[in-house]
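Me: I would like a close look at one part of this model, and then at what surrounds that part.
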Amino acid sequence: MGDSRMEKGRVVGVDVGGTFTDLFLMDGATGEFRTAKVPSNRGDEAVGFLNGLRVFGAVADLGSIVHGTTVGTNALLERRIARVGLITTEGFRDVLEMRRRDRPKTWGLTGDFTPVIPRHMRREARERVLSDGSIRHAVNPSEVRALGEALLADGAEALAVVFINAYANAANEKAALAALAGLLPPDRLAASHEILPEIREFERTSTTALNACLQPVVGSYLAKLEAALAGEAFAGRFHIVQSNGGVMSTETARRFPVRTALSGPAAGVIAAAAIAAAAGMPDVITGDLGGTSFDVSLVLGGRAELAAQTTIDFGMVIRNPMIEITTIGAGGGSIAAVDAGGMLRVGPESAGSRPGPVAYGAGNMRPTLTDANIVLGRINAEKPIGGALKRLDREAARAAIGREIGDPLGLSPEAAAEAILRVANARMAGAIRLVSIERGHDPGRFALVPFGGGGALHAGALLKEVGLKAALVPRFPGVTSALGCVIADIRHDQVQTFNLALKGLDCGALSARMASEAEAARNVVERAGLPIEGVEIRFEFDMHYLGQTHTVAVPFKVAPAQTFTEEDVRQSFEAAYSQAFSRLLPGIGVKIVNLRTTAIGKRPAFDLAMLAPKAGGTLEAARRGERDVWFDGAFHATPILARLDLPADARIAGPAILEQPDATIVVDPGLVARVDSLGNILLERA
Amino acid sequence: MTRPDAVTLAVLRGRLEQIADEMDATLYRSAFNPIIAEARDACHGLYHAETGETLVQGTKGLPIFVGAMAFAVRAVIAKVKDEGGLEPGDTFLFNDPYDGGTHLNDFRLVRPIFRQGKLFCWLASVGHWLDIGGNVPGGFNARATESHQEGVRIPPVKFIARGVMNRDILSILSANSRLPQSNFGDLNGQLNALDLGERRLDGLLDEAGEDTVAAALDAFSEGADALMRAAIAALPDGTYRFDDILDNDGITDEPLAIALDLTVSGETMRLDFSRSSPPCAGPLNIAYSTAVASCYVALKHLFPEVPSNAGCLRPITFVIPETTLLGVKAPKPVGGYTETILRVIGVIFGAIGQADPSRALAGPFGTINALSIAGKRPDGSPFVMFSFFGGGLGASPAGDGLSHANNPISTATMPPAEILEASNPVMVTRWALRPDSAGAGAHRGGLGAIYEFEALTDAEVFLLGERGKGAPFGLRGGKPAALNRFFWQTEDGGEASPPLASKVTGVKLKPGMRVRLETPGGGGFGDPARRDEASLARDLAEGYVTPQGAARDYGKVA
């Protein structure tokens, strides 16, 4: 049933963000699409979710729904999480609270830490596995059972088991799970080898604990959505986007809720990558400018770079492959200030979206980046994005910038606003350099893909400052994440620590283990039940020289069960190591620490041509008059155009402002904007 | 030179910090030994061409190095002045603690950056190498009475001349270490970092111009100077005294005084350590440069808003006589420098806490606990399991201290127990918070920890620690934290502790025998009687405080 509907082809991507729920509907049969934006309902996201779907008519007529969510992340940040009992190896119950012995800030010694599982809910079992996988003490099932029962009596809604060296041998963890069976439903019982069979006990404990804490939260959220969908007679497929930018079944999401942590932002990167690739730009840097932060990701050859772990908050580490998103504290709400040493700073302190910029009139009196954009005429004060406010108070913003920045620096309010803009642009440029130059990539090869409401205000300045090739503004920058939900592939990542010396490597045995890892990952992808054109398996080793603790990711291009030699592995390692560092270390032994296995279920290609502008538009019809906008030290009468009315191939020389309901694009002097055949705006040097 | 505009300054500051950060990151990723790779015991920056003053520092570098590096660069400047012959492509290498601070394990690489034939600035890299010879594997010889027992000492030497590495020096280094391969890997990592820094800096100078960047660097120092003066001016004028002790010097069991008279006068501050103990026989001495560097660390923690460059030291005068253990010359042993600088930092916290209670920080756990377990693996290859251990931070007016943190001189993360076990024939039997280790107070300190290791083969154990006799202090009525303790199992089945509390060398372990380290928490802030009921109830429920501890420290019967 689900598949036949899928063939009918009405797929909706739903990205539930903090302020808005964005939707993108694609009708594969008719080649039509629609977008929608409705307010999110913080605390009961299901309401916004359903309201959004109803914009498109009867929910029952939809074939499938793919959902990006930050419910998990928000629950962690706000500690709206389940009460979990943790069972550890004797002597190790405090690992979760001791972290890696870090502190929140390099300078300044204040700040406390509250672990997600309090100490009295962490109990110890007598068992021990050594680092070589040998069992020193087997598990005593009745002891573990008693610990589980005691934790339940103390209110545990879920139980997690983390034993030392379980990555090397999971037998004791498995025995413990067996002993706990029946105390709670299977999806409320987990052990670390199932979540992350990788060396480093804190990261494994933290990931397992956060997963357990989220299971009831994400599980009940999904149940609520499923019930609501059933109530609307929806009979199609319902899937979730994960932090790695791939789609998973709700069954997998229930098992691995930590994998939803960066679900929405990851979908945005996936969409940006696809849009850019279709436009002939496989190498791009995506930039999402939000209220408090600027998120940057690198896309190479159409593929987003992945990070091995992320920190949700101090001491809350999730280790799992996820789209690498570099965040700096420079967003629209970032506060500008002059410090006692006379230095102008923008961020990281932020007014957020509440109370927000001075111009929102909600009580904040300190100028923000958005205020600077308003004062300079770049943002239309009479038509705020999102529609929540009627108009913006430009005079209040101007007064605040004059008072806080202009007076101490001896600048007019406009010149001060321009200074704020330039400092903010420099910080964003720093983030772009971080992901490009710092990783050995020449920014001249890359286009910037700004998305979110604010990114396109700064794209032109950034392309000039960093020396990027161009900026590519998607046709609907405000719903990029929702679009990403529709086009993302199915994906499943696995890791296993091996700790094998390269010298004398038993390639046959390794190949067999790789085949079984691949089989397991493939099964997860195939069970997801979405139509796919095939499953691709990717292997990557984490390797290093003996004695190093950090590893280098070594892509290893073999098919499952294909034979290979020690020399093949060595060559792959040396290629990856030389790329990462300038010097190889001949004569020093090499080790394979981990195997990473990825299965990707390719979904049918999404034809982005459906987003292209309708024929018949003209540049003239898109004109909306002009207003004074400040560029390079003075106001200039600047044409305003309705972006969505622009025909393909239209060319607009800067300065110009292109407006659309979900974004504003600034075409700086010296740049030219061109509409490509897919409806994207390409900003390039004139 | 005219001061660049506010925008140029902000932009260049970001760009330059990014270069130093990127150098840090390069070394962390490519270093061999976990002290750098995991514990981040390293630092990089840009230094003034003539004065060696710190211009820009990575934001993640080890705090103590941030202050010490300028002295290291100055040592190279002095050498070049004497001997001449500085050329593009040169790189100097050394670890002399009397000429650039800290201890023998810290190897410094200093490279001139030339632009149009003229020296523009220096780049430097420092990292902690695992073993540099000496009587104790991994260094930290608690019984050293002269620097020669602590390891090999290399004065500033031109290790790379016009891009060509002097292999002879490499051979000398190799022959003087138990773990030459690890050192070689770290050296390569540091060179990677310098290469990268040089490329990035050249790129920036091409783009922005030498004059603009030089003027911006001056402006940063002026800005830090102004911010520091503003912070000092906000403190009431006066002299504030604060004294603390070190347990002993590792040789004779007598306490050593670290005594400070901090004088605030308008917008300047004087730090006078004259009342401190004279130089000691054991390794608890430090050189003048190390003492200044530790003052810098303390002030940066108390005034985190002041940027990291030399400007922030301009309003400060130092009185650190050679007649005290804080200003010694060669060959006085300095291998235990970490302990002494922690005490120097502590007394500054204490004195500022008197001047301005809102800035107060009660004593952090205050010992690095350099513990090594060394021996041979069953296959005959040597191993040295070496790490520093955590404890609690002091309470403040803002709240309780952080449990199991790193020391103020460090941003080091702890190697995972599983990595220690995978790399060494040891088994960790306990890795836990230590109840009742925090100083009681209206806000209590953070908790220290208990670590216990079992040898899986014959092994020898070395510890250089402190706070076994003088506990981390409380402030404003807050109580001191628990003392540091160390135990090992004896062959008769009993337990023993070092006569010198936290310093011991060469304890022999047979397979199956254990050692246990119990670290202090942080000091408390404010009268324990004023701790709110709910917080104390939580402390009891979580086992942070035992019922006996509550009765003793809070006068509460559970």
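How many residues of domain 1 of chain B are in contact with domain 2 of chain B, and how many residues does domain 2 of chain B give in return?

Reply: This is a predicted model, in which local features need pLDDT of at least 70 and side-chain atom pairs count only at pLDDT 80 or more, while totals for chains, interfaces and linings use all residues. Residues are numbered from 1 along each chain as its sequence is written, and chains are lettered from A and ligands numbered from 1 in the order in which they are written.

Domain 1 of chain B has 20 residues in contact with 20 residues of domain 2 of chain B; two residues are in contact if their C-beta atoms, placed from the backbone, lie within 7 Å. On the domain 1 side, 11 of these residues are nonpolar, 2 polar and 7 charged. Here Ala, Val, Leu, Ile, Met, Phe, Trp, Tyr, Cys and Pro count as nonpolar, Asp, Glu, Lys and Arg as charged, and the others, Gly among them, as polar. Domain 1 of chain B covers 6-225 and domain 2 covers 360-558, with bounds from an automatic or database domain assignment. Their C-alpha centres are 32 Å apart.

Chain B also has an open, antiparallel sheet of 7 strands in the order 2-1-5-4-3-6-7. Strands (E, at least two residues) and helices (H or I, at least four) are DSSP runs numbered from the N terminus, and two strands pair if DSSP finds at least two bridges between them. Strand 2 (54-57) and strand 7 (164-165) of chain B are at the edges; each has a single partner strand, so one side of each lacks a neighbour in the sheet. Strand 4 (residues 106-115) and strand 5 (residues 118-128) of chain B run antiparallel and are joined by 10 bridges. B:Arg111 has B:Leu123 in strand 5 of chain B as its bridge partner.

Chain B in turn meets chain A: 57 residues of chain A are in contact with 64 residues of chain B. On the chain A side, the elements giving two or more residues are helix 4 (95-98), helix 8 (201-231), strand 20 (344-350) and helix 13 (413-435). Helix 13 of chain A gives the most, with 7 residues. By class, this side of chain A has 22 nonpolar, 17 polar and 18 charged residues.

Chain A is assigned five parts: domain 1 (2-76 + 222-260), domain 2 (82-218), domain 3 (334-424), domain 4 (490-602) and domain 5 (612-685). The C-alpha centres of domains 2 and 5 of chain A lie 56 Å apart.

Another part of chain A is built around strand 32 (residues 671-675), whose covered face holds A:Leu671, A:Ala673 and A:Val675 and whose uncovered face holds A:Val672 and A:Arg674. In a regular strand the side chains alternate between the two faces of the sheet. Strand 29 (residues 651-653) of chain A runs antiparallel to strand 32 of chain A over 3 bridges, with A:Arg651 opposite A:Arg674. Strand 33 (residues 681-685) of chain A also pairs with strand 32 of chain A in the antiparallel sense, over 5 bridges. A:Glu684 in strand 33 of chain A is the bridge partner of A:Val672. The hairpin of strands 32 and 33 of chain A has 5 residues between the strands, and A:Gly679 there takes a positive phi near 90°.

Terms used. Buried ≥ 20, exposed ≤ 12 C-beta atoms within 10 Å, placed from the backbone.
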